[in-house]
Amino acid sequence: MVNLTIDNKKIEAEAGQTILEVARENGIVIPTLCAHESLDATGSCRLCVVEVKHGKRTRIVTSCLYQVAEGLTVDTKSERVLAARRLVLQLLLARCPESEQLQEVAKEMGVEPEPRFTPDKDNVKCILCRMCVRTCEKIVGVSAIGFSYRGTEKNVCTPFKEDSLTCIGCGACAYVCPTGHIEMETTETGDARTIWGRTFKMKTCKVCGRYFAPEDQLAYISSKTGVPADNLAVCISCR
Amino acid sequence: MTKIKSFNELKSVQERFKAGRDPKKPCITICVGTGCLAYGTQKLVDNFREELAKRNLADKIDFRTTGCHGFCERGPMVVIAPDKVFYQRVGLADAGEIIDKTVLKGEIIDRLLYVDPATGQKVVHEDDVPFYKKQTRLVFGQNSKVDPESLEDYLAIGGYAALGKALTGMKPEEIIQEVIKANLRGRGGGGFPAGWKWDSTRKAEGTPKYVICNADEGDPGAYMDRSLLEGNPHLVLEGMIIGAYAIGSSQGYIYARNEYPLAIKNITRAIEKAREAGLLGENILGSGFSFDVKINRGGGAFVCGESSALFASLEGRAGEPRAKYVHATDKGLYDKPTNLNNVETWANVPFIIEKGADWYASIGTAGSKGTKIFSLVGKINNTGLVEVPMGTKLREIVFDIGGGIPGGKKFKAIQTGGPSGGCIPEKYLDMGVDFDELTKIGSMMGSGGMIVMDEDNCMVNVAKYFTNFLVSESCGKCVPCREGIRRMRDILADITEGKGREGDVELLEKMSTAIIDGALCALGSSAPNPVLSTIRYFRDEYVAHIKEKRCPAGVCKDLITYSVNAEKCTGCTVCSKVCPTGAASGERKQVHKIDVVKCTKCGACRESCKFDAIIVR
């Protein structure tokens, strides 16, 4: 166990925990856009920055990656911290002016758009938080999507923007996307869904007869777990 | 070469090769670094070989192709031993004449001599050329003595003696202490003490441990690492092997940019030859220590010079940096303890081991020891690589060694530290250059790039150029860098196009602070430097652009107009002939005029006017 203070509050925490984890356990709110409890931290949104003082040295660190240490003093709302967060949010607001989720975060934090930044006009809501890519790789395990290009051109897509043969149509990427950028369309009858440009046939539940999961996803789960496909043919509600 | 099995055997091999090099025997040395090859030097090399063969002189006269000598401005370059007669800008067909006159008869060919622009005097011997005379070519000097493809050459000048000494006479801890005592600081940009890094890696838990040579030199205009790897690959390799022994590593990597084909070719050959000679691989020099090196070619991303992005790239992933709260010395490549130094840092190591830390620490300043190689480019007479002791004044580098600014123009600034360095104004020219001094005034050492700017450079435009470079090289992982730098670039572009607004400078400053604090890696957190340093020292230029819609240097096209000074114009018609759009016109012997509607502000008239009659405002 280590002792530290966050915003003047004395806290005991387990060594190896990050500042963000400890802060949340203690009811201290640090805004984030790319952190998710099921995923390893990546430190890309930079919204969770905090100011830490350890010994004589004061510096700005990302709370989702920085581990607590004995004697650490953390300030989650210093001027420097707020200035960095404000710019991050203003930059994202200019990148994705249509994202309602960003507007909400900005409102909560009292951040106004910077009028000097001309809003982007490409109607993209992706903030490159990487949650979809990490979920596809680490949770689903298929790596059907990744990044192409670099820097300002960077975007999430399937390899070479072609229909992905490894995608199982599970929709986890769309589910985890915080801004609603990734769209998944389902037909009226529910017999097919389209994501990343590919249409997946849905399977009906053996019991209730409703469409409940893509055939490819069930086949993937079967091959991964060794559970016979037949045992997976019943939807969650009927199981 | 057969395997050398002990330090004693190495010594006798060195002696044998040394004895084979008669210092009195004429030797023609020619630089075949990338710069000189670009002049077409390979043809000159072929001509020399042909002419020597024709005269049956191949045995009587040594002929050596070497790596870069540094004086790239004056290539192709030929030096003739034993007197070290120095010929520059040698014609590709001059080989026969040089052999017949200078090598055989000792006659000097006047037209190939270097003329000192300061005195107008011709200089015969290499050592007397002012460019070389005022340098301390400790690390780089060996380049002109060895054929980079020849291990024999490197051994003849005492190469691998430091390795022999380290492996047979020193404990790993002693080597680390020696490097700490020498205070060798990383030449790649950070300036972190190499010895302490080695110490941490040695003490870190986990195996294997990796040793990496960062040869992903990517700063615009900087090429000292390329020239070392190209010109003296065994020196770099020797440094790495010593480091690996001290750290306890058996596997090393050289991460070199793919844009450096000659460097990769030469280091590949050096590795093969060193392996053959028992200097690399299993049981090096019979010491029981084994270490090998692999080369990895980088795919062309500037950010891969950043250590954690380099590891990612080496591992086969996209070159994106990660937070460094856990140091690479604990968890680096493949999450194993990793020691990374750049080419120049490794090249310093053999000198420290051979001559001792005390000797090394006697060169330089209190906080920065040894020498530093700078690549001097931009508005400078002697473009090239310059090696000077730490603490040398900028003025000496620019004017004494660099020969000053071409065309009698006035010095305005020197940009050091690569694209994310800062622009240093004239008032700091008498400052000694070392890691700490450069940081104090808002710039940095970086890998040693120096770009000289004169009165014709617009500093807002310069800031825009470097910011734009960083926009295209940002990996895109974190928001402040990916989104912030491009917004700064857009504002800078507005300013140079006359669309700057009141408050832009303050906004740029505010953004810079937040980006420095918020960015994930050093690329992002140092990206605002060019903007901050130009605002700090050339704020008036920003103000002139924004408030008066005027570019004082006459560079930003949207803010300037071309006109003719009626008093100076002689009506020579040259401007009307070079003007590509017909904007400049006039009758012979009559004052010409420029039609602002047709004028594209290309500057051709101004460059061609012999009477300085074109006004740019």
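## Getting to know a predicted two-chain model

Chain B of this predicted model has a mean pLDDT of 95, with 100% of its residues at 70 or more.

Biologist: Which scores does the model get for ipTM and pTM?

Modeller: Remember that we're looking at a predicted model. Its pTM is 0.93, and its ipTM is 0.94.

Biologist: Let's start with chain B. How many helices and strands does chain B have, and what is its radius of gyration?

Modeller: Chain B holds 24 helices and 19 strands. The globule rule gives 25 Å for 617 residues, and the value for chain B is close to that, so chain B is as compact as a globular protein of that length. Its C-alpha trace spans about 80 × 65 × 40 Å along the principal axes. The radius of gyration of chain B is 26 Å.

Biologist: What share of the residues in chain B is buried?

Modeller: A residue counts as buried if 20 or more other C-beta atoms lie within 10 Å of its own. Chain B has 617 residues, and the buried share is 54%.

Biologist: How is chain B divided into domains, and how many Å separate the centres of domain 2 and domain 4?

Modeller: Along chain B you'll find domain 1 (20-129), domain 2 (159-361), domain 3 (371-454), domain 4 (459-547) and domain 5 (561-616). Taken over C-alpha atoms, the centres of domain 2 and domain 4 of chain B are separated by 34 Å.

Biologist: And where domain 2 touches domain 4, what kinds of residues does domain 2 of chain B bring?

Modeller: Domain 2 of chain B gives 9 residues to the contact, and domain 4 of chain B gives 8 residues. On the domain 2 side, they split into 2 charged, 1 polar and 6 nonpolar.

Biologist: Over to chain A. What share of its residues counts as buried?

Modeller: Chain A is built with 6 helices and 11 strands, and its C-alpha trace spans about 65 × 45 × 30 Å along its principal axes. Of its 239 residues, the buried share is 36%.

Biologist: Which element of chain A gives the largest share of the side that touches chain B?

Modeller: The contact involves 27 residues of chain A and 27 residues of chain B. Two elements of chain A give two or more residues to its side, β4 (57-62) and α2 (79-95). That side divides into 15 nonpolar, 6 polar and 6 charged residues. The largest share, 8 residues, is from α2(A).

Biologist: Why can we say that the buried residues of α16(B) line one face of the helix?

Modeller: Helix α16 of chain B covers residues 394-401, and its buried residues are Leu394(B), Ile397(B), Val398(B) and Ile401(B). They pack against several elements of chain B, including β11 (371-378), β12 (384-389) and β15 (449-454). Looking down the axis of α16(B), the buried residues line one face because they fall within an arc of 125 degrees.

Biologist: What follows α16(B), and what is its phi?

Modeller: The helix is followed by a glycine, Gly403(B). Its phi is positive, near 75 degrees.

Biologist: What is the omega of the cis peptide bond that joins Ala81(B) and Pro82(B)?

Modeller: Pro82(B) sits in the loop between β3 (78-81) and β4 (85-87) of chain B. For the cis bond joining Ala81(B) and Pro82(B), omega is about 5 degrees.

Biologist: Where is Lys84(B), and what is its phi?

Modeller: You'll find Lys84(B) in the loop between β3 and β4 of chain B. Lys84(B) has 15 other C-beta atoms within 10 Å, so it is partly exposed. Although Lys84(B) is not a glycine, its phi is positive, about 60 degrees.

Biologist: Tyr160(B) has a positive phi too. Is Tyr160(B) buried or exposed?

Modeller: Tyr160(B) is in the loop between α6 (151-156) and α7 (161-169) of chain B, and its phi is near 70 degrees. Since 28 C-beta neighbours lie inside 10 Å, Tyr160(B) counts as buried.

Methods: Residues numbered from 1 in each chain as written. Chains lettered and ligands numbered in written order. Predicted model: local features only at pLDDT ≥ 70, side-chain atom pairs only at ≥ 80, totals over all residues. Domains from an automatic or database assignment. Contact = placed C-beta atoms within 7 Å. Nonpolar A, V, L, I, M, F, W, Y, C, P; charged D, E, K, R; others polar. pLDDT = per-residue confidence, 0-100. Helix = DSSP H or I, 4+ residues; strand = E, 2+ residues; numbered from the N terminus. Rg over C-alpha atoms; globule rule 2.2 N^0.38 Å. Buried ≥ 20, exposed ≤ 12 C-beta atoms within 10 Å, placed from the backbone. Arc of directions from axis to C-beta.
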